[in-house]
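Dear colleague,

Please find the structure below, together with its sequence. A short account of the findings follows it.

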Amino acid sequence: MIWKMIYNTIGIAAIFTGFQVASLFNSKIRQGISVRRNAFRQLEEQLKLAPDFTQRVWFHFTSVGEFEQAKPLIESIKDNAQIILTYFSPSVHPNVLKYPHCDAHTYLPLDTAINAKRLFSLIRPTVLVFSKFDVWPNLVWRASDQGVPTVLIAGTLHQESKRLYPIARSFFKQVHNKLTLHCVISESDAERFTQLCGDDSQVEVTGDTRFDTVYNRAIMVKVDQFLPAQSTLKYPIVIAGSTYIEEEEVLLEAYELLRCGETNGLLHLIVVPHEPTVEHIQRLCSKLDMLGFSYTLFSDLNSEMDLSGMEVIVIDTVGLLAELYRICDVAFVGGSFHGRVHNVMEPAAMAKPIVFGPRIENSYEAGLLKERHAARQVNNAFEMADIFRELILSPQLRQQMGERAKAVIVENLGASQRSLNHLE
């Protein structure tokens, strides 16, 4: 197979070189390279201690969102199978460490033919499950050679995907037509996957398992006051969740515009950075100082404070976003001014009106929410200020959008069971 030879020579060399160069400028990539040096040893030690099952199910995902999509299936089979997890991004590692339903886990080593052979020798999987899109060629080819079924769950392939370009499609067809089963999110995804892998491949529309996960978690979030001095907040609350520097710039510019308009800035903005590092928080606070906003950090809050005149609260810790979405009036979901939008399902499941930026191609559910008029898309600070103003001044519109958002989530429940039926 010509593509297999090209991938294992030119392709792997390019991937390796690319990561090495990128690591010089990105600490997360540098961390990922470092921890992979012990991946096989750690996996071998964990597997020695793992309970023995006839069924061994290997799940691979790239990061946090794809892990969420795998969880419903993992939790449905955990009592009858050994669960092995591999993942790509360092951002998911802390989540995996806290997750009780796996017997072994590690970062996925570089996708060479030798590494794939070694992984299969160690894990000896009954089935290999990929979540969403992080399908690695040598893993698929090794599974095919050994007769191990491979399944893609919550598969998605947007219409502008580079995988559909003529040369890329020729390569990826040699990968995807070796997969046993594609469980995909929508009919349009099914059509595109069929283009990619041919009519003979089994492609089933099962939906996105994350709808189930997010909805179940959302209904468990308590409405108790958890924010110190929360009762003193008197204006509509806008939560800006999982933000990067680019969208914080737009948010604060939009807030400045609202200060000068008929709303007179009558809102509380709570900013939840995607990665609240010391450097990021300092940079954000410097910007707030320069613009003259009144603000406080979450770590400085106490129950005696009066927040009625506080314009901005900066969340300088992790793990609070779900609770914050529960108390907000409007949710801005970050990522889409930086590269791709983050999880819009969580505020939707809580019946909140949603705003996001220009880049949503990665998110089927964001497009669905926009189509159903449950979310608004903005391209700049002026558009953001206009939409915030409209939502702040109209409780009825906020309620209508929130109800539509929750309806989208409820209508898409059941993907976990449909995918599980195929997996079994």
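In S12, Val333 is the bridge partner of Gly241. Please note that the model is a predicted one. The strands S8 (residues 237-243) and S12 (residues 330-333) run parallel and are joined by 4 bridges. S8 also pairs with strand S9 (residues 268-273), again in the parallel sense, over 6 bridges; there, Thr243 stands opposite Pro273. S8 is mostly covered, with 7 of its 7 residues buried.

A further group of strands deserves attention. An open sheet is formed by 7 strands with parallel pairing, in the order S3-S2-S1-S4-S5-S6-S7. Strand S3 (104-107) and strand S7 (203-205) each have a single partner strand, so one side of each has no neighbour in the sheet. On average, neighbouring strands of this sheet are turned by 20 degrees against each other, direction ignored. Within the sheet, 4 bridges connect strand S1 (residues 56-61) with strand S4 (residues 127-131), and His60 stands opposite Phe130 in S4.

Helix H3 (residues 39-49) packs on this sheet, where H3 touches strand S2 (82-87) and S3, and its direction makes about 175 degrees with that of S3. Helix H9 (residues 187-197) lies across strand S5 (150-155), strand S6 (181-184) and S7, and runs at about 175 degrees to S7.

Finally, the axes of helix H16 (residues 381-393) and helix H17 (residues 395-411) come within 5 Å and cross at roughly 100 degrees; the two helices are therefore roughly perpendicular to each other. The contact involves residues including Leu391 and Leu393 of H16 and Leu397 and Met401 of H17. Its residues comprise 6 nonpolar, no polar and 2 charged.

With kind regards

Conventions: Residues are numbered from 1 along each chain as its sequence is written. This is a predicted model: local features need pLDDT of at least 70, side-chain atom pairs count only at pLDDT 80 or more; totals for chains, interfaces and linings use all residues. Side-chain values use heavy atoms; hydrogens and water are left out. Buried means under 20% relative accessible area, exposed over 50%, partly exposed in between (1.4 Å probe, protein chains only). Two strands pair if DSSP finds at least two bridges between them. Axes are lines fitted to C-alpha atoms, for helices over the stretch in contact, and angles run from 0 to 180 degrees between N-to-C directions. Angles under 35 degrees count as roughly parallel, over 145 as roughly antiparallel, 65 to 115 as roughly perpendicular and the rest as oblique. Contact means heavy atoms within 4.5 Å. Ala, Val, Leu, Ile, Met, Phe, Trp, Tyr, Cys and Pro count as nonpolar, Asp, Glu, Lys and Arg as charged, and the others, Gly among them, as polar.
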